[in-house]
Amino acid sequence: MLIDEVRDVPKDLFIAGEWVAASDGARLEVEDPSDGQVIASVASATVQDAIAAVEAASRAGAAWAAKPPRERGEVLRRAFDLMMTRQEYLASLIVTENGKARDEARGEVAYAAEFLRWFSEEAVRAEGSLSIAPSGAYRMLVLRQPVGVALFVTPWNFPAAMATRKIGPALAAGCTVVLKPASETPLTALALAAIFQEAGVPDGVVNVIPSRSSARVVEAMLRDVRVRKLSFTGSTEVGRTLLAQAAERVVKCSMELGGNAPFIVFADADLDAAVDAALMAKLRSGGESCTAANRFYVETPLAQEFAERLAAKMRQIVVGPGRDARTQLGPLINQRTRAKIDGLVRDAVAGGARVLCGGVPMDGPGYFFPPTVLSSVAREARVLREEIFGPVAPIATFDGMDEAVALANDTEFGLVSFVNTRDLGKALAVAERIESGMVGINRGVVSDPAAPFGGWKQSGLGREGAHDGLLEYLETKYIAASW
Ligand code: NAD
């Protein structure tokens, strides 16, 4: 559906502080996933445009790195204020191009803006050190300096937060950036570009180039010697491809990739709290979140009651277009995703799973899939092994801590895990043994700009948020000095 907010967004490429058309005039159409209608067309960058963006970032680099850290922080702080002043406007864009419910979109804007506030504070904390060499013969100085031009490739599921989680620390550290947002959700990224400009970010420091030729454009930028850093958020499959390309020039990489989060419920858990946490962990951002609970393992004595209570709550969820005030769950991003989820549910049912609610794609325009709970899911079902990225909760059982840990770790992913029990000692013991970068204990959401977000195993490399997030954009320089 076309809304005023979409009309207001600049629809060209943002390069060197100017809004410019693509060099070949190409455009990219943006759809509203709640009805499949085209809502906008934005300029689609060519390789030539992408290299112009790298050139702009490179030219702006020295002056931005030389700015006092406090000034860089103040620019970020102004951008935070502007984002929060325009929370409703940005939420409307997210609802329209991504489909998530309005409350979720509002929450995303606040979360996204918080990265700018957090890193406005971190800008003045790029500490080094001075020490005496163990031999006593000289001094050891360690400096942290900006990496240089950073290339960002982001997904559609959090159109604002995945951009600010990278731009915030990069600008704080003194780097300049080129952002290639997901083709499905370029409008939010373009609106953010305008906000950065208004906040006083100098020309060329932030460049935003949507493109329908993502693979060619990103590969060309990675070949450019001026690009020193790649930060990618998206699927593990594309992450692997980009890591291989980055290896050619040994570009520093941060990777935030796919997940397959286990949600473990021990028999001694507070059942009401565990069901509420499960709803949060499953339905945040419509289930299209890398931290979404993907596999529910419930200790046998509690399994049936947990499944019934979760299904009772999931049945009450209001599904509809994100713009409707009552909507709690919006559409999936596209038909391909809906078909994939339908296939996962069918596979589970063929393997013996019971459908307690939902289970079948919804009719009508838009890519809706109802909240779904599956119980008695077989261990080998694909729905437990692959990232679902939708509102489907498959439940299987376990007995005892060792089996819970073994099941949780039986995956190539390792982003986040959830543990529910009244016994904090047990929760911490499990948390230590689980192979994931993050663990939620008796809660369904862990994301926080002040926390080091990131995965183990094939879920990623590096961390975003916290002080660690700043370090991703700083090179270490060691100076041996005698005086
Ligand atoms: P995706 O990998 O398909 O796309 C991500 C980005 O890469 C988009 O901008 C896309 O245009 C671009 N891209 C696609 N193919 C490319 C190629 N060959 N070369 C260069 N760029 C390419 O992922 P998606 O479908 O947009 O997002 C969903 C995935 O993102 C899920 O797997 C999810 O778990 C993951 N994700 C991870 C995190 C995290 O922090 N770990 C956060 C959000 C999403």
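The legends below describe close-up views of a predicted model.

**View 1. The two domains of the chain.**
The protein is divided into domain 1, made of residues 3-257 together with 459-481, and domain 2, made of residues 261-448. Between the C-alpha centres of domain 1 and domain 2 the distance is 31 Å. On the domain 1 side, 24 residues are in contact with 28 residues of domain 2. About 2100 Å² is buried between domain 1 and domain 2, and 55% of that area lies on carbon and sulfur atoms. Ser34, Trp156 and Ser459 together supply 25% of the area that domain 1 buries against domain 2, more than any other three residues.

**View 2. Polar and charged pairs between the domains.**
Side chains of opposite charge can pair when their charged atoms come close. One salt bridge is found across the interface of domain 1 and domain 2. Across this interface there are also 10 residue pairs in polar contact.

**View 3. The salt bridge of Asp32 and Arg323.**
The side chain of Asp32 meets that of Arg323 in a salt bridge, with 3.4 Å from N to O.

Strands of a sheet pair through backbone hydrogen bonds, either parallel or antiparallel. Here three strands form an open sheet in the order S5-S6-S20, and their pairing is antiparallel. The edges are held by strand S5 (129-132) and strand S20 (474-481); each has a single partner strand, so one side of each is left without a neighbour in the sheet. On average, neighbouring strands of this sheet are turned by 20 degrees against each other, direction ignored. Strand S6 (residues 139-146) is joined to S20 by eight bridges, and the two run antiparallel. Within this part of the model, Leu143 stands opposite Lys477 in S20.

**View 4. The sheet of seven strands.**
Seven strands form an open sheet with mixed pairing, in the order S14-S15-S16-S13-S12-S17-S18. Strand S14 (354-357) and strand S18 (438-441) stand at the edges; each has a single partner strand, so one side of each is left without a neighbour in the sheet. Neighbouring strands of this sheet are turned against each other by 25 degrees on average, direction ignored. Strand S12 (residues 261-265) runs parallel to strand S17 (residues 416-420), and three bridges join them. Ile264 stands opposite Val419 in S17.

Helix H11 (residues 300-315) lies across S12, strand S13 (293-299), S14, strand S15 (372-375) and strand S16 (392-398). The direction of H11 is at about 140 degrees to S13. Helix H15 (residues 424-433) also packs on the sheet, where it touches S12, S17 and S18. The direction of H15 makes about 165 degrees with that of S18.

**View 5. A salt bridge within helix H1.**
The structure holds 30 salt bridges. One pairs Asp4 with Arg7, and their closest N and O atoms are 2.5 Å apart. Which helix holds Asp4 and Arg7, and how many residues apart are they? Both belong to helix H1 (residues 4-8), and because they are three residues apart there, about one helical turn separates them.

Key: Residues are numbered from 1 along each chain as its sequence is written. This is a predicted model: local features need pLDDT of at least 70, side-chain atom pairs count only at pLDDT 80 or more; totals for chains, interfaces and linings use all residues. Side-chain values use heavy atoms; hydrogens and water are left out. Two strands pair if DSSP finds at least two bridges between them. Helices (H or I, at least four residues) and strands (E, at least two) are DSSP runs, numbered from the N terminus. Axes are lines fitted to C-alpha atoms, for helices over the stretch in contact, and angles run from 0 to 180 degrees between N-to-C directions. Domain bounds come from an automatic or database domain assignment. Contact means heavy atoms within 4.5 Å. Buried area is the accessible area (1.4 Å probe) that two parts lose on being put together, summed over both. A salt bridge is a side-chain nitrogen of Lys or Arg within 4 Å of a carboxyl oxygen of Asp or Glu. A polar contact is a pair of N or O atoms within 3.5 Å; within protein, one must be able to donate a hydrogen and the other to accept it, and residues adjacent in sequence count only if both atoms are side-chain atoms.
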